[in-house]
Amino acid sequence: MATSIKKIVAASLIGTTIEWYDFFLYGSAAALVFNKLFFPDSEPLTGTLLSFLTYAVGFVARPLGGLVFGHFGDRVGRKTLLVVSLLMMGTATFLIGCLPTYETLGPAAALVLTALRLVQGFALGGEWGGAVLIVSEHGDTARRGFWASWPQAGAPGGNLLATGVLAALQPDETFLAWGWRVPFLLSGVLVLIGLWIRLTISESPVFQAAPPEPRAPIVGVLRHHAKDVVVAIGARLAENISFYLLTVFVITYTKQSGVDDSTVLNAVLVSSAIHFVTIPMWGALSDRVGRRPLYLGGAAGIGVWIFAFFPMVGTGNFWVITLAVTVGLLFHGMMYGPQAAFFSELFGTRTRYTGVSIGAQLSAIVAGALAPIIAVALLRDFGSSLPISLYLALAAVLTLAAVYAARETRGSDLAERITTR
């Protein structure tokens with residue numbers, strides 16, 4: 001039985017929100033407490049760098065997850081793989097909440113933490129492609145940008161939820177002792193809700209109608225869509241780097257400036273709420289003006305805004321920090337809102353899950369994974385935000401070049417996007 005587009009959107013949005021909640025929760029905890037809990041013998045900024053390294057391994061696993069989930073998603077369908085990814089992510093996050101720290105296990109605690117982070121990354125690598133595709137392939141051509149942008153809103157939704165829970169627990173003196181575990185354990189309840197909703201939706205009609213791909217999907221992607229993969233990788237650079245600088249690294253940066261944790265957490269909370277609301281608006285606008293104009297505008301905007309961002313958050317003023325993060329996330333949304341429809345329209349149906357996953361997740365290694373690490377290292381070595389701003393500005397130039405070289409995809413019929421034999 002066919003499922004209404006609104007129910008498909010709700011299932012994808014709730015699922016991606018939960019998965020991003022799990023993923024971002026780790027990043028926030030890495031900035032706030034993991035350096036003390038799992039690397040207590042290190043100097044504070046070095047301990048933070050080490051905790052971000054465990055954070056980064058999740059990104060390393062994402063392309064592998066994208067490849068495996070993409071292969072089976074293009075073979076057996078989108079729905080089953082979405083259920084599996086959500087279950088894997090939720091289990092790993094719940095177990096992090098149960099994990100003994102360095103005080104109990106010694107160095108082995110960091111190794112187990114890293115292994116669970118790898119599972120998180122593997123699951124998220126398969127989640128994103130399936131979530132955006134099942135919406136894109138159910139929705140109509142004229143409003144695909146709008147409908148497909150809703151799973152994208154799961155990223156700020158998850159960050160909003162994770163930051164909100166952490167902000168509610170801060171600055172309680174018991175947070176370091178046991179309070180940090182509560183948000184991770186809460187994931188178990190959220191996953192059960194998400195699984196129940198995802199099990200009730202129908203498979204993508206576009207996928208069911210498409211003839212099977214005779215080769216392994218990755219072969220079809222490399223043979224017919226190599227340029228599209230490169231476009232996706234380049235398009236994600238400024239988008240991915242900016243998001244993690246604006247929402248994760250900002251916590252570390254303000255710590256070095258003596259700003260209270262609760263101030264920056266609440267600022268990110270407010271900004272994420274605005275980001276959540278505006279992403280579908282950018283998606284809808286892309287249905288009218290095209291994917292490329294908005295994406296180009298967002299990349300150019302964030303490449304310039306980052307030079308004002310760090311001086312603003314360095315003031316320590318809640319409202320100035322909130323404004324800095326909000327404007328940055330609005331530029332990010334100009335890229336992220338149209339991205340799901342844009343990437344979906346680049347690939348053929350029976351290679352689409354593999355194509356969008358590989359393109360997006362390969363970029364995540366050099367962008368999202370390394371962004372906090374590079375930023376912390378630059379801050380430690382130079383003691384200034386200027387090298388970090390230049391780092392993002394360079395990424396913005398690369399994104400501008402990639403998107404400029406791409407074709408406009410608005411109005412594409414996904415049912416006709418069949419990989420050439």
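In the predicted model, helix α1, spanning residues 5-38, bends by about 65° at Ala 30. Most of α1 is covered, with 28 of its 34 residues buried. Ala 31 also belongs to helix α1. With a relative accessibility of 1%, Ala 31 falls under the 20% limit and therefore counts as buried. Beyond the residues up to four places away in sequence, Ala 31 touches Phe 52, Val 248, Ile 251, Thr 252 and Lys 255.

The largest nonpolar core holds 119 residues. Those that touch the most other members are Phe 34, Phe 38, Trp 180, Tyr 244, Phe 249, Phe 309 and Phe 343. For Phe 343, the residues touched, not counting those up to four places away in sequence, are Trp 128, Ala 232, Ala 235, Arg 236, Tyr 295 and Val 356. Another core, of ten residues, lies apart from the largest one and includes Leu 82, Ala 131, Ile 197 and Ile 201. In soluble globular proteins, nonpolar side chains tend to be buried together.

One cavity of 30 Å³ or more is present in the structure. The space in the largest cavity amounts to about 40 Å³. The lining of the largest cavity consists of Trp 20, Phe 24, Ala 155, Arg 236, Glu 239, Asn 240, Phe 243, Tyr 244, His 332 and Tyr 336. Two or more lining residues are given by each of α1, α12 (226-256) and α15 (318-344). Helix α12 supplies the largest share, five residues.

Gly 234 is located in helix α12. Its relative accessibility is 9%, so Gly 234 counts as buried. Leaving out residues up to four places away in sequence, Gly 234 touches Leu 398, Thr 399 and Ala 402. Gly 234 and Ala 367 are 133 residues apart along the chain, and their C-alpha atoms are separated by 9.9 Å.

Gly 333 is located in helix α15. Gly 333 counts as buried because its relative accessibility is 0%. When neighbours within four places in sequence are left aside, Gly 333 is in contact with His 275, Ile 279, Trp 282 and Pro 338. From Gly 333 to Thr 315 the C-alpha to C-alpha distance is 25 Å, and the two residues are 18 apart in sequence.

Thr 349 lies in helix α16, which covers residues 349-382. A relative accessibility of 0% is the reason why Thr 349 counts as buried. The side chain of Thr 349 is joined to that of Arg 352 by a polar contact of 3.3 Å. A polar atom of the Thr 349 side chain also lies 3.2 Å from the backbone oxygen of Leu 414.

How values were computed: Residues numbered from 1 in each chain as written. Predicted model: local features only at pLDDT ≥ 70, side-chain atom pairs only at ≥ 80, totals over all residues. Heavy atoms only, no water. Bend = angle between axes of the 7 residues up to and from the residue. Helix = DSSP H or I, 4+ residues; strand = E, 2+ residues; numbered from the N terminus. Buried < 20%, exposed > 50% of the residue type's maximum accessible area, 1.4 Å probe, protein only. Polar contact = N/O pair within 3.5 Å; in protein donor to acceptor, adjacent residues only side chain to side chain. Core = buried A, V, L, I, M, F, W, Y, C linked by side-chain atoms within 4.5 Å. Contact = heavy atoms within 4.5 Å. 1 Å grid on protein atoms, 1.4 Å probe; cavity = no way out; pocket = protein on both sides within 12 Å on 5 of 7 lines; lining within 4 Å. Points joined across faces, edges and corners; volume = space filled by probe spheres on them.
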